[in-house]
Every structure is written in structure tokens, then in C-alpha cells.
Amino acid sequence: MRAVIVFILFLVSSSTVFAQEATSFFNNGIRKKNAGDLKGAIQDFNRAIELNPNYTDAYNNRGTAYYELRDLDNALKDFNKALELNPNFAKAHINRGSIRYELNDLKGALEDFNQAILLDAKDIQAFKNRAGTYLALGDYNNAISDYDRSLAMQPNDPSALLFRGIAKSSLQNYKEAIADFSASISLQPNNSRAFTQRGIARFRSNLLVEAEQDLNRSVQLDPNSSVNFAYLAGIKTEFGNFPGAIADASKAISLDDNNATAYYYKGLAEYRNFQRPAARETLNQAIQLQPDQAEAYMWRGLVNSTENRDQEALQDLSKAIELNSKLSRAYALRSLVYNKSRNLKEAGADADKAAALNNNDGYTLWAKAVQKYRNHQSKEALSDIIKASTLLPDYPELLAARSMIKLDAGSISDAQIDAQQALKLYSKLPEGHITNGFAQLALKQYDQAATSFKTVLQADSNNLFALAGLAQVTGIRQDYKTALKLADRAIAAGDFEPVTYSTRALIRQESGDYKGAHQDWTKAIQIDRKYPYLYVQRANTRRSMGMAEDGIDDCNTAISLDDKYAPAYSMRGSILYDLKKYEEAVKDYDIALELQPNDLKALANRANIKTMKSDYKGAMKDCNKIIEVDPSYMLGWANRGSLKASMNDPKAAIPDLNKAIELDPDYATAYSNRGFARYNIGDIEGALEDLNKAISLDNTYGGDFINRSSIYLEKKEYQLVINDVNRAFLLHTETNVAYYNRGVAYAELGYLEDACADLKTAQEKGHALAGSALKKYCKSK
């Protein structure tokens, strides 16, 4: 395209001696030019022009000689003069157009080629040169039209086929482009450029193996082509051979340090090879060389985001979109960055735009999944993130996102597998350590969880999620002071995230600061009013504060947000249980267990209600289910032991209660029930030991004092009987057994008036032995 056409015209004029002599110099100039003596040719053309100042062909041919010497200014002057003398000189228009093209005067070049075609509509070179100018202007359709005209006149022109293929490739019509490149290669098998262009078109068509073959062939033909190595780097990046890609891109840069494509693919390979700072610097170079390369801004934006340079990331991604408004991945990646800072409106708009442009792209699906996760649509989010994972395998950030979504969906073990796979790919990935830490926390692997969170904080001491996670671990270890400090730091690092306030709320709840917990749950809800979990947790705090009706309101709100959210029904059931509204509670537990069959707390509480209603079979089924689902869940054993005791099978109850105590040595109720079972099998000393332990752990349950008073009565330790019954009464626990035990103790100690009053009350309350005791101790009363 850039070669200037030399029009040779042998003119012999016999008009005058001067004309004949000028023609002689002109012909000598032609011969010298053809022999490669360009300077000698110019001297002869000079003499011809001196003898004949209006010698148009001499100006034209001298212009071509100047062009070949790269003296473009003088060449342009000569073509201008030739056209001044003969405005209809078509070849001079073509030649001047070619010079203008080289001088980047594309508009002027186009005017000349248009004029040449008007003068001679059968000039193949005019159509080819105009096509090349359209190509440079980005007017690919007109370029293709002109190449079609030239090929209609000269079908086997490998150059026209090559450049028409480039125009088609620029329009992303890769199939037809590849056909043109192949036709060009068949006519000119050693044209490295045709192999290069076909390789690029195949690369962009995702025909990676064929593309690599073409580019390797082009390297054989032209070992010094920087373009070939640049695109080979792109192919190796797609194949996951990142070190090989970096090596090829570096080779391309060594051949041409202005090759923006080489810097682009090197930066992309460095990013995928976890050389993040190097990737950013390399992409800086790509952008400096080619400031309109949208993809370079896009990937630099991604690199900046992974290094928590979110404002820079947003600037880069916005620039990419400004340069190419149809770049779906730029919208998807910007959506992910917006989501990091909870700019959910902007994130949603970008995710929607990405989907409208390319709904099946891996990055689009990733962005949609995170957006749905933010909107608490875990099931739908999981579906999208799994699809994204098949399109973008071995992306650690994507695996970490999938782990996070699985955590929210309750698939804890699967979430941990994803987090660990992400860390296997990139051991420094903070999101991988964070999701792994929260999975470990859910699995009660507290030491491992603390290590995971601390690993992140060593690199970034203000990572709000790591601070929140470590605060939760520390709170579980009951170091509430330290836990609260960590939670405060998390809030300072990111008070826009509800997890910061919800973490402090959990710690305050566990430490007994219900008012503070309530404030934090309310703050978290103000940040995210559509998160059912927060309402359920505040309901639990309100339950502890005696605000039962408010707690039920919170559960109702959670259900209105998601009527499939099992914990809301379970919590409402627990509050109704506290209110002794057992029928309503069972209904809620039934719904909770239908939605989440392995809800252990719901099973345990429903078993208790069934036990109270003497539905021992139903209660036993629930207890067995608990133990089947999680043998380490203490309440399963404790409740089943209590149930067996209620079914008058104390021997069978004791092993279950032993297991409960083994799992939680500080669970007072297990000791209470085992003491009751031991008492019923005649193990008085064992029963007394258990009741003492129960009371030492929790001295607020009056029933333990009454049961211990029965043992003391058998042991004839009457003052201790009276003491225990009095403690029970202070705890508002008054039973016929309590009055009977104290009545007999009073009687044995000689306090007959008090004794008879207690025994009479015991009889009124239905104690079977109270009547005979009255006859024995109160004959005169």
C-alpha cells in the first residue's frame, strides 16, 4: 500500500532541439533509476526540467526517485508540480496520495485517490491505495469495498487478499478474514505477515492451537517480528503457561520496545502469575504506548482492585468503558469493585449492563453472582458463580468468591474446599484466608481460624473482614475485652459493612451486654435492611432482654424478606417456647425443619415440647436425628438422656447424659438430669455429687435444690433439706415435693407447727405421702 507507484513514460518529441535533448535526459534518468542509481537519475531529471520546465513526466519520475531516497518533502513538491501542470494526471494523484498517506495526511491522500479513480476507474493500484487509506481511517467497510473492486480486476493478488482480511478482522468477521489470509498464503506461501494475521484472527476466534501454529510459522519466516512473539504470549496466557507467555512478551519487547501489545500481554500474564506489582507497571507501559487501548485499562483496573487500590481501579475501569462502551468485562469488573465498598446501586447497574452485552461471559456471571449474594439470593448466586468457574478455571479470586457464597448458603465444608483451592493457587490471597477462616470458625476450628485471620492482618492490619473474624474467634474464647477492641477496629476500617457491627453485637451478646448488642444489631440493620440474618439475631438479643413481642416482630420481618429462611421460624419458635405457647412453637419448628432438616436447635426444642406432651416416640425421633446429624452436638445426648429418664428408664438415660457431660463439662442441666436418674436407680451418693455440680454451675434452677433436698431427706440431714427448699422457694419454685420434704424435716427437728403447715400444703398440692405424714406428725393439729 505504501509503495509509491512509478509511472514510466518514454516521450520522444521532435518539435525542437531542446525538447529532444530534454527527452534524452529524461530517458537516461529512467535507465539510471531502474538500475538503482537514484541520485544520478535525479540529476538527469533536473537537466530535463531545466531544458523543459513544463515536463510533467520528469517531475513525476523525479518525485518517485526522491520518494525512494525517503526525501518526502521534495517528492511531494514534484508531485504537486506535476499536477499543477496536468491536473488530470491520474498516476501523479496516486503518487501524491501515497506521499500524503506516509505523512499521515489521510484526508489529503483520500482526495488524491478519489480523483485518480475518477480519472481512471480501471486503475487497480488506485483502488488498493484508497482501500489502504480507508483501513488506516478505520473505515473498514469502505476498505473492503475497494479491495473487492481491485480483486475483481486482479483476483490472485495476495496483497489485496491480505489487507482485505485485515479489514474483515477489524470488523471481527474472523471467519471471512481467515479465508482471505488463507487465500493469500496459497498464492504467497512465504509471506510471514499473512501467517501473522491469520494467527491473530484465529487467536481472536479462540482457535488457539491453529493460531499458535501460524505464529510459529511466521517466526520461522521472520524471526525478528515483535508482533509474532506478542501474540504468542497471548496464546500462552490463555493456555495457562504464564512463565512462557512472559518470556515471549519479553522477547517481543526486546525486538520492539514500542510494541504496546507485547506489554499488554506481558502484564496480563504477570497478573495471572501473581506478579501483581510487576503487572501494574507493565500495563502502565502498554497504556503509555497506546493510550486508547481499553483492555489495558481494564486489566490494570483489575490489578489495582486486587491490591485494594479501589479508587484507581474505578478510574481505570471507567476509562476502559469510555474507550469501549461495549466492553462487557469492564462493566463486570467495575461492578465487583463497587460491591467491595457496598455501592450496590452502581454495582447492580454495571452487572446489568455487562449481562446485556454478554450474559454468558465468565466475568459477567461472576459479577451477577456477587450482586445476588449482596442481595441475599444465595441460591441464585451459587448457580451463577459455578457457571463462571467453568469459564474461568483456576482464578483464585473467583474461587474465594464462590467460597464466600457457599458459606452464606450454609455449605461450610464445600466453602472450605474452595477457599483452600484458592490458596493453593495463590497463597497470599487475602480473600482466600478470610473465607477459609470463616469456614474454620463455623466448623469450630478456632485455632486454625485465628491463624487464617492473623495471616491477612500481617499484610493488611486494617482488613475489616479479618478483624471481624478474629474478633469473633476471640469472643468465643471469652476474651471479650480484646474481642471488642478488634471489633471496634473493624468498624473503624469499614463502617459501611454490616459484618463489623454484627460482629460486635455477637460479642456483646455473649458477654451479657444485651443493650449494646441491641444497638449494634440495629446499626447493622440500618446498613442492610434486607438481610434476614440480622433481624433473627436481633430477635435473639430481644429474647434475652425479655422483649419477646419485639423479637417476634423481627422474626416476622425476616420471614417477609425471605419466607424460606429457616432460622427465622426456628427463632420465632424459641421465643414462643419461652412464652409457653408450645402449640405455636411446634408449628414454627415444623416449618423450620421442613426448610432445614438438620436445624439441631429446632430439633432439640421440638423434642422438649414433645417430651412435655408425653409424645415420647416423637421426641425420641428428634433426639436420634440430632445425634445422627452431629454426634458432637451435646444437646442431642442431653435431651435424649432426659427423655429416657422421663420414660422411667434411668439406666438407659445415664450413658446419654455421660456423653453430654463429656461434650460439655459445664452444662448444668446434664448433671441435674443424671443426678435424677442416679437417684432413681438408688445411687444416692452419685446423685448428690451430680446435683452439687449442677448447682455449682448454675444456682438459679430451683428444681436442683428440691431434688437435692430429697437426697438430704433420705440421708436424714434435715437442716440441709430445709436450706435447699428455702433456696428453691426464693427462686420461685414451689412444688408438692418441696413442701413435703421441708415439712418432714421440720417435724423431725421438732418444728411441728411449721411442719404441719408444709405438709398440709403438700397434701393440697397432691403429694401422695403427705396425708400419712400428717397423721404421723400432726395428730393434735
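**Stop 1**

Select W521. Is W521 buried or exposed? W521 counts as buried, because its relative accessibility is 1% and the cut-off for buried is under 20%. Keep in mind that this is a predicted model.

Colour the aromatic rings next. The structure holds 16 aromatic pairs. One of them joins W521 to Y533. W521 lies in helix 30 (residues 514–527) and Y533 in helix 31 (residues 532–544). The pair therefore ties together parts that are twelve residues apart in sequence. Check the surface at Y533. At 23% relative accessibility, Y533 counts as partly exposed.

Move on to Y577 and Y582. These two also form an edge-to-face aromatic pair. Here the centres are 5.6 Å apart, with 70° between the planes. Y582 is partly exposed, with a relative accessibility of 22%.

**Stop 2: zoom out**

Show the whole chain as a cartoon. How many helices and strands are there in the protein? There are 45 helices and zero strands. Turn the model to view it from several sides. The C-alpha trace spans about 170 × 40 × 40 Å along its principal axes. A compact globule of 781 residues would have a radius of gyration near 28 Å, whereas this protein has 44 Å.

Of the 781 residues, 53% are buried. Residues 24 or more positions apart account for 49% of them.

**Stop 3: helix 13**

Select residues 226–239. This is helix 13, with 14 residues. From its first C-alpha to its last it reaches 20 Å, close to the 20 Å expected at 1.5 Å a residue.

Which helices are included in what covers the buried residues of helix 13? Show helix 11 (192–204), helix 12 (208–221), helix 14 (242–255) and helix 15 (260–272). These are included in the cover. Helix 13 is mostly covered, with eleven of its 14 residues buried. Among the buried ones are F229, Y231, L232, I235 and K236.

Step off the end of the helix. G240 follows helix 13 and has a positive phi, near 85°.

With Y231 they form one aromatic cluster.

**Stop 4: charges over rings**

Select R217 and F195. The charged end of R217 sits over the ring of F195, 5.9 Å from the ring centre. Then jump to R70 and Y67. R70 lies over the face of Y67, at 4.9 Å from the ring centre.

**Stop 5: two positive phi angles**

Select N104. Its phi is positive, about 65°, although N104 is not a glycine. Where is N104? Look in the loop between helix 5 (90–102) and helix 6 (106–119). N104 counts as exposed because its relative accessibility is 60%, and the cut-off for exposed is over 50%.

Go to K580 next. K580 is not a glycine, yet its phi is positive, about 65°. Find K580 in the loop between helix 33 (566–578) and helix 34 (582–595). K580 is exposed, with a relative accessible area of 59%.

**Stop 6: D44**

Select D44, in helix 2 (residues 38–51). Buried or exposed? D44 counts as buried, at 8% relative accessibility. Now show what D44 is in contact with. Leaving aside neighbours within four places in sequence, D44 is in contact with F25, N28, G29 and K32.

**Stop 7: G494**

End the tour at G494. This glycine is in the loop between helix 28 (480–493) and helix 29 (498–510). G494 is buried, with a relative accessible area of 1%. Which residues does G494 touch, not counting those up to four places away in sequence? Select L464 and T500, and you have them.

G494 and S341 are 153 residues apart in sequence. In space they are 8.5 Å apart, C-alpha to C-alpha.

How values were computed:
Residues are numbered from 1 along each chain as its sequence is written. This is a predicted model: local features need pLDDT of at least 70, side-chain atom pairs count only at pLDDT 80 or more; totals for chains, interfaces and linings use all residues. Side-chain values use heavy atoms; hydrogens and water are left out. Helices (H or I, at least four residues) and strands (E, at least two) are DSSP runs, numbered from the N terminus. The expected span of a helix is 1.5 Å times one less than its number of residues. Buried means under 20% relative accessible area, exposed over 50%, partly exposed in between (1.4 Å probe, protein chains only). Contact means heavy atoms within 4.5 Å. Rings of Phe, Tyr and Trp (its six-membered ring) pair if their centres lie within 6.5 Å; planes under 30 degrees apart count as stacked, over 60 as edge-to-face and the rest as tilted. A charge sits over a ring if NZ of Lys or CZ of Arg is within 6 Å of the ring centre and within 35 degrees of the ring normal. The radius of gyration is taken over C-alpha atoms; the globule rule is 2.2 Å times the number of residues to the power 0.38.
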